[in-house]
Every structure is written in structure tokens, then in C-alpha cells.
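This report describes the fold of one protein chain and the surroundings of selected residues. Please keep the sequence and coordinates at hand while reading.

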Amino acid sequence: MQTLGTVLLAVGFLALAGAHLITDPTALDANIGAGFLTIVGLITGATGLLVSVIGALLGTRRRRR
């Protein structure tokens, strides 16, 4: 579960980095694509972070028993 969270977090980060790279103040279509990548990157990264935290909490709970 933590591996899935880490992969999702990495994909979200890469999407945000890609959005930053293709942002162009003069090209409207590039900014639309960058906006889409930003939204997808934020959602994917937040989901990955949430899955990682839940996996860590469940892992510590199982080890205690």
C-alpha cells in the first residue's frame, strides 16, 4: 500500500513539473494543457500522500498486535 502511495505521489510530482515546463505566456493551448496537468498532478499527488499515510498508520497498528 505504501508503494502505491509513493508511485502516485511521484506521478503527481512529475505532472506538476511537466505543467511548469510547458507553461508559455503567449500560447493559450499550452496553458490549457498545463492547467490540466496541474489539476491531475495535485489530485494524484494528494491521493498518493493520503494512501501513504493510511498505509503507514495501518502498518504500525498491525505491528503492535
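The text below goes from the whole chain to single residues.

## Overall form

The model is predicted. Its secondary structure consists of 2 helices and 0 strands. Helix α1 covers residues 2–22, and helix α2 covers residues 28–64.

How does the radius of gyration relate to that of a compact globule of 65 residues? The protein has 16 Å, whereas such a globule would have a value near 11 Å. The C-alpha trace spans about 60 × 15 × 10 Å along its principal axes.

The accessible surface comes to about 4,900 Å². Carbon and sulfur atoms account for 72% of that surface. Of the 65 residues, 22% are buried. Contacts between residues at least 6 apart in sequence can also be sorted by separation: 64% of them join residues at least 24 apart.

## Contacts between the helices

Gly-5 belongs to helix α1. Is Gly-5 buried or exposed? Its relative accessible area is 0%, and because buried means under 20%, Gly-5 counts as buried. The C-alpha atoms of Gly-5 and Gly-48 are 4.0 Å apart in space, while the two residues are 43 apart in sequence.

Apart from neighbours within four places in sequence, its contacts are Gln-2, Gly-5 and Thr-6.

Thr-44 is another residue of helix α2. With 16% relative accessibility, Thr-44 is also buried. Which residues does Thr-44 contact once neighbours within four places in sequence are left aside? They are Leu-8, Leu-9, Val-11 and Gly-12.

Leu-50 sits in helix α2. Its relative accessibility is 53%, so Leu-50 is exposed, the limit being over 50%. The C-alpha atom of Leu-50 is 9.8 Å from that of Leu-8, and 42 residues separate the two along the chain.

Met-1 lies in the segment before α1. It is exposed as well, at a relative accessible area of 54%.

## Separations along helix α2

Gly-35 is located in helix α2. At a relative accessible area of 31%, Gly-35 is partly exposed. The C-alpha atoms of Gly-35 and Leu-57 are 33 Å apart, and the residues are 22 apart along the chain. For Leu-57 and Phe-36, 21 residues apart along the chain, the C-alpha separation is 32 Å.

The table sets these pairs beside those that were given earlier.

| Residue pair | Separation along the chain | C-alpha distance |
|---|---|---|
| Gly-5 and Gly-48 | 43 residues | 4.0 Å |
| Leu-50 and Leu-8 | 42 residues | 9.8 Å |
| Leu-57 and Phe-36 | 21 residues | 32 Å |
| Gly-35 and Leu-57 | 22 residues | 33 Å |

## Summary

The predicted model has 2 helices and 0 strands, with a radius of gyration of 16 Å.

Technical notes. Residues are numbered from 1 along each chain as its sequence is written. This is a predicted model: local features need pLDDT of at least 70, side-chain atom pairs count only at pLDDT 80 or more; totals for chains, interfaces and linings use all residues. Side-chain values use heavy atoms; hydrogens and water are left out. Helices (H or I, at least four residues) and strands (E, at least two) are DSSP runs, numbered from the N terminus. Buried means under 20% relative accessible area, exposed over 50%, partly exposed in between (1.4 Å probe, protein chains only). The radius of gyration is taken over C-alpha atoms; the globule rule is 2.2 Å times the number of residues to the power 0.38. Contact means heavy atoms within 4.5 Å. Accessible areas come from the Shrake-Rupley method with a 1.4 Å probe; for residues, only the protein chains shown count as cover.
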